[in-house]
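This report covers the strand pairing and the nonpolar cores of one protein model. Please keep the sequence and the structure open while reading.

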Amino acid sequence: MNLLYLKIAFRYLLKNKLYSFINIIGLSLGIAAFIIISLYVSYEKSYDTFEGSDTVYRVYMDYMKGDKFEDGDAQTYNLSGPTLQKEFPEVIDNVRLYRLDKVTFVDKEKIIEQPNGALVDASYFDIFNTKLLKGNSNNFNKPNNIVLSESLAQKLFGNEDPLSKTVSLFYGSKVLLKVVGVMPDMAETTHMKLNYLMSFETLETWDALKSQAKLNWNQNNFFSYIKVNKKINFEDLQQKITSTDIENDPDERHNIEPLTDIHLYSDKPYEAEANGSSSRVKFLTVIAIIILILSWLNYVNLSTVKSLERSREVGIRKVAGAQRSQLILQSLVESVCLFFIALIIAIILVIIFLPIFNSFVGKSLVLGMSNIESLIPFTGLMLLGSLLAGFYPALVLSNFSPLKALKGKLVTSSSKLNIRKGLIAVQFFATIILIVGTLVVAKQINFLKEQPIGVELSQVLALKGEILEAIPDSLIMTKSKVFENELKKLSYVEGVARSKTYPGDGYDNLSSTVGIKYPNGKENDKDVFYIYQASPNYFDVLGIQFVAGKTYKEIPKGGLRTIVLNEKFAEQMGYSNPEDIVNKQVVFWDVSWTVTGVMKNYHHFGLKTKIEPLIVFKDESFENVLVKLNASSGSVAGMQNSLEEIETLYKSVFPNSTLNYTFLDKKFEIQYTEDKKFGIAFQIFTVLAIFIAALGLFGLTSYMCLQRRKEIGIRKVTGASIFQILKLLNRDFILLVVFALIIAIPVAWCIMNHWLQEFAYRTELSWWIFAIAAITTLCIALITVSFQSVKAATENPVNSLRTE
């Protein structure tokens, strides 16, 4: 009996090729999209998950703004972790990390620049569940010890055993380190990817970082993590920590967040790296569900309409003694067969298109056994959905009256017709929202790209090198000036400056602090302001304009120390006219500073965050050398020759060194990379959803025209024009689009307005976005319906009237 159900199911699917094709393609595309997005969502949610990760929390700072605390820095003090463990019995361990963005390893003739490392407490290995491949972490907690990642050890020592070997590391100054262990390469799914770990005690012996070794509440340059008892309630512990002023400062407090929440829910200053976005994950999840629902709705609509063609079949089977349960079972078997065919095709589509999707989103998603196991519950859910989608047509089929079915006098009831129309309206509703979402995302990304940022980054090069020899600071400064003067002699160089940081460099090379005394004597201990160093001509090289005063280059030697502020800082101090603060003095770091100028606001951190109060002061830092190139070096060949000449010049001044360069405009745009990838992914899946909806509409229209073939023939014979027939066939669908628009537009506005709130500077929800969505949806409906309607309207009426 079961084989008979299968035979009938496959015969029916083969006989009705168009019906089967539309349903199988729609379902397979829906399932494939759902699987790909599920892989992406699972990847994003898998960050920092390991055995015991649910008991690990990151400590961060809150700062008082106005009359309430707001999220502050991701970094804390070197005293934060130990103090929390001492003060709260719930905290059973802590670890501190001092992160280094890029260092240079030297082993004999090998010179390897390596990003992402940290000085850590020995407790790191237990808290982050890190097992060494070689060595023993018990020997870690001594100065000048280092653990290398497996790949870094391979780069440095090849196939030799790295244990007990010594390696030189340069970061401001040289330090000799002993290799005491090798750890596995860290997974991509961690918010802080580290390629090496140095013992925290090395701070005390390393000249470049000795200032960080002193335990105090002044320098919050450390990442702190705590491990708590499993039985502890997070909210209770968080409340206790935030209500306790462990550093005796009423304007700031410590806070904690789950380790597993950092990647998707944390976007604070001084993050280890750019994190993901929970809103992007939610958006793609919603799209996946919408696509799947659209494919299910297609099946329900087409199966219900197709059931009318099977009325005589059902009537004969009922007269022959078939029970209603058998008819329902037969319909469900057909649904299951169709689903599994679609599932097989979907898996093939995932294998083909997953690498392409990876290139768009910049991930390394794979469909392996572990993924398939995690997708089994979703597959079961999709199968259940297909069964439910097939259950309604099954009820419609089994409910036919045998007598009416055999006579061919079945009439679709108004309630069933309304249900079908409602399902079509849902498809239009989803289509409109997705089109609006795609347009808003694209408009916001273009807004970020095209919005003036207040500086000129084009053709500006940032040079940064590491000197691999012991040279006194005075000699480095002398040589750096020689290098700067030689650069200025090059014909294609318009200007040269030195700075600690530059626009687009993020928070990493900025100092932040609270506590400033304004010229009027008022003290502000609550607001955070940011500080960096630059040479006087820095403003000219980047085209930063002054609204009052000037840079500090003309201040005579021996005078007071001088600074430049931005407009935001002047406004924060209460000066509506920037001229009023020029030559006034402000006090911070227990030093009086004279304001020589107020620069026009510019977006140092990009348009995703608000403009912060900035202070720039003169410094001879050799951190970054900024070189403004002129148009003569604009061609690819010209630019390459210029870069080679600059590198040769640098090597002639600093022969034993490394050199890297970055184009500032490219570096600035990197912060929008994830948004661009999200926009592309959104567009791809929106087009896919629209295609699935149109596919179902096409199939539905085909059967509608087939059912009304005789009616169309009669109307043509009685004098109806082709336009009148098209109007008749399209009218219901146009009304459904209008109905869907009335509901979808306010919903889409609310959703996209909420998404835009994530950006400090954002585009507007223009009326034309909704107009385009409405017109596009209407066109999709008209084109899809009219394709079949024209064919039916132009058919010879003799052929349609001859058939019964």
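Two strands pair if DSSP finds at least two bridges between them. Helices (H or I, at least four residues) and strands (E, at least two) are DSSP runs, numbered from the N terminus.

## Basis of the values

This is a predicted model, in which local features need pLDDT of at least 70 and side-chain atom pairs count only at pLDDT 80 or more, while totals for chains, interfaces and linings use all residues. Residues are numbered from 1 along each chain as its sequence is written, and side-chain values use heavy atoms, with hydrogens and water left out.

## Strand 19 and its partners

Strand 17 (residues 561-566) runs parallel to strand 19, with 6 bridges between them. Within this pair, Val564 is opposite Gly597 of strand 19. Strand 16 (residues 546-549) is antiparallel to strand 19 and is joined to it by 3 bridges; here Gly549 stands opposite Gly597.

Strand 18 (residues 585-588) is also linked to strand 19 in the antiparallel sense, through 4 bridges. Phe588 has Val591 of strand 19 as its bridge partner.

## Strand 20 and its partners

Strand 20 (residues 614-618) is mostly covered, with 4 of its 5 residues buried. Strand 15 (residues 523-534) runs parallel to strand 20 over 5 bridges, and strand 17 pairs with strand 20 in the antiparallel sense over 3 bridges. Phe617 of strand 20 is the bridge partner of Gln533 and also of Ile563.

## Nonpolar cores

A nonpolar core is a set of buried Ala, Val, Leu, Ile, Met, Phe, Trp, Tyr and Cys residues joined through side-chain atoms within 4.5 Å. The largest has 117 residues, and those with the most contacts inside it are Phe357, Val436, Tyr538, Leu542, Leu626, Phe685 and Trp755. Helix 2 (residues 17-45) gives the most to this core, at 16 residues. Another core, of 25 residues, lies apart from it and includes Ala153, Tyr196, Met198 and Leu209.

Contact means heavy atoms within 4.5 Å. Leaving aside neighbours within four places in sequence, Tyr538 is in contact with residues including Ala497, Tyr502, Pro503, Ile544, Tyr602 and Leu626.

Methods
Buried means under 20% relative accessible area, exposed over 50%, partly exposed in between (1.4 Å probe, protein chains only).
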